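User: I would like to learn how to read a few features of a protein model. Could we take them one at a time?

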Amino acid sequence: MEMDFSFLEVHKEDFIDGFFTTLSVSLVALVLSLIIGTIMAVLRISHSKILRGIGTAYVEFFRNTPIIIQVFFFYFGLASIQINLSKFMVGSLGLAFYTGAFMAEAIRAGIQAVPKGQMEAARSSGLTYIQAMWYVILPQAFKMVIPPLGNQFINLVKNSSILAIIAGTDLLYAADIAIANYDVTSVYVFVALLYLVITIPLSIGVNYLEKRWSKQG
Amino acid sequence: MDFSSVLDPTHWSALLSGLKVTLLVAFSAIILSFIFGTILGVLRYTRIPVVSHLAIIYIEAIRNLPLLLIIFFGYFALKDWGVQIPIALSVIISMTVFTSALVAEIVRSGLNSVDKGQIEAARSQGFTYTQTLWYIIMPQAMKKMIPPMVSQFVSLLKDTSLAVAISLPELTHAAQIIYNSKYNATIPLLILVSLIYFVINYCLSLASRYLEKRLAG
């Protein structure tokens, strides 16, 4: 098969812009999803039945419904009640709410892996529950769950391609424009390589950490 | 917001035929990716030179790409090559290509979790390598594989909604057609459709948890 990359002469800028939109949407959504995930994880292990219910409902609802429906909600749904967000914002929020549910599960597993004595020791030293959580438990929990969080970030980068469906000028959208006039196969192969440039190093990093930590036991 | 549109019986029949397409595509892709994923996973596990390397390259490249890219490729590139197939079939192929790579990883880590001593013991009893794999290793590995496999299939079912981008007449697409023609019905319909996805996926997740508990005992 002959590859024909002549589309780059015309569309080079689109691909560069797309690449950086994909990266920046993913990073913004990463930060937001970590915040949502941490809050939901703490809710899910709280002693209050109501808070626990809220956390569980959030996690189960968002991870069992398609991300595209969530993105459509922020895009078409909010527009139908006269709230118009930018496509970048729609993408970041949609990705963050969806990924937040998976982050919450990973972080919860981390919190539960911290020995119970840590919380008791922190509380008996006079810290409040929230202080103990923030200063003692969460830093240890996060360290343990970096690999699963990394995997979720890889999924997030891949899922950011959903922006293309709402014409969000991301990497995949650049491809969708270029295939109108150029060789379809070459365009998609090129874009696939650009995605791999982001995801393969991340996945090697995650693998490395997983192996190193499992050796330490 | 117009919640009454959700109750309109003509809309229900449109959504129902969308749901049928969703389930048909998901079910076909689940069966196919289970078969191909298992073969790929075993090939990677066996470490046959060349063959297992090809399996590694396939698995690592495909699972680090966005599914939507593969769906677009399956649709537009096949068309460009002159292959005429229905949209539903192109989506089934794309989803199988993608999910097989993820199933392969689940199969491999399941196989790896079985103690190597089991192979040696079986071989010294006169089993061939293939017999050992089939009768001794696989049944034990299966237990480990079921929960992640089910959550992979839940993802697949959710992700069939991405095919809305190429106008596959599935559930999300059916909802889109209705709310595009009806003022103020967007949010109610998106909520209704996410509840449909939720019920199906939540039941699958519960079934997986039940299986996990039974197999652990």
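User: Does Gln82(A) count as buried or exposed, and why?

Analyst: This is a predicted model. Gln82(A) has 6 C-beta neighbours inside 10 Å, so Gln82(A) counts as exposed. Its place is the loop between helix H3 (67-80) and helix H4 (87-113) of chain A. Gln82(A) is not a glycine, yet its phi is positive, about 65°.

User: Where does Arg47(B) lie, and what is its phi?

Analyst: Arg47(B) sits in the loop between helix H1 (9-46) and helix H2 (51-63) of chain B. Its phi is positive, about 60°, although Arg47(B) is not a glycine. Arg47(B) counts as exposed because it has 10 C-beta neighbours inside 10 Å.

User: How do I read a helix, for example H6 of chain A, and what span does it reach?

Analyst: H6(A) covers residues 129-144, which is 16 residues. From first C-alpha to last it reaches 21 Å, close to the 22 Å expected at 1.5 Å a residue. H6(A) bends by about 45° at Ile137(A), and Pro139(A) follows within four residues. Ile137(A) is also buried, as are Ala132(A) and Ala141(A). The buried residues of H6(A) pack against H4 and helix H5 (116-124) of chain A.

User: How many residues does each chain give to the contact between A and B?

Analyst: Chain A gives 30 residues and chain B gives 30 residues. On the chain A side, the elements that give two or more residues are helix H2 (49-63), H3 and helix H9 (184-216). H9(A) gives the most, with 10 residues. By class, the chain A side has 20 nonpolar, eight polar and two charged residues.

User: Which residues touch the most other members of the largest nonpolar core?

Analyst: That core has 117 residues, and Val187(A), Val191(A), Leu68(B) and Leu69(B) touch the most other members. Its largest share, 13 residues, comes from H4(A). Leu68(B) touches residues of both chains, including Ile162(A), Leu172(A) and Leu162(B), leaving aside residues up to four places away in sequence.

User: What does UniProt list for residues 19-208 of chain B?

Analyst: The unreviewed UniProt entry lists that span as "domain: ABC transmembrane type-1". In the model, residues 19-208 of chain B are 82% helix and 0% strand, and the end C-alpha atoms lie 22 Å apart.

Technical notes: Residues numbered from 1 in each chain as written. Chains lettered and ligands numbered in written order. Predicted model: local features only at pLDDT ≥ 70, side-chain atom pairs only at ≥ 80, totals over all residues. Buried ≥ 20, exposed ≤ 12 C-beta atoms within 10 Å, placed from the backbone. Contact = placed C-beta atoms within 7 Å. Nonpolar A, V, L, I, M, F, W, Y, C, P; charged D, E, K, R; others polar. Core = buried A, V, L, I, M, F, W, Y, C linked by C-beta atoms within 7 Å. UniProt positions renumbered as here; feature names shortened; annotations may be inferred. Expected span 1.5 Å × (residues − 1). Bend = angle between axes of the 7 residues up to and from the residue.
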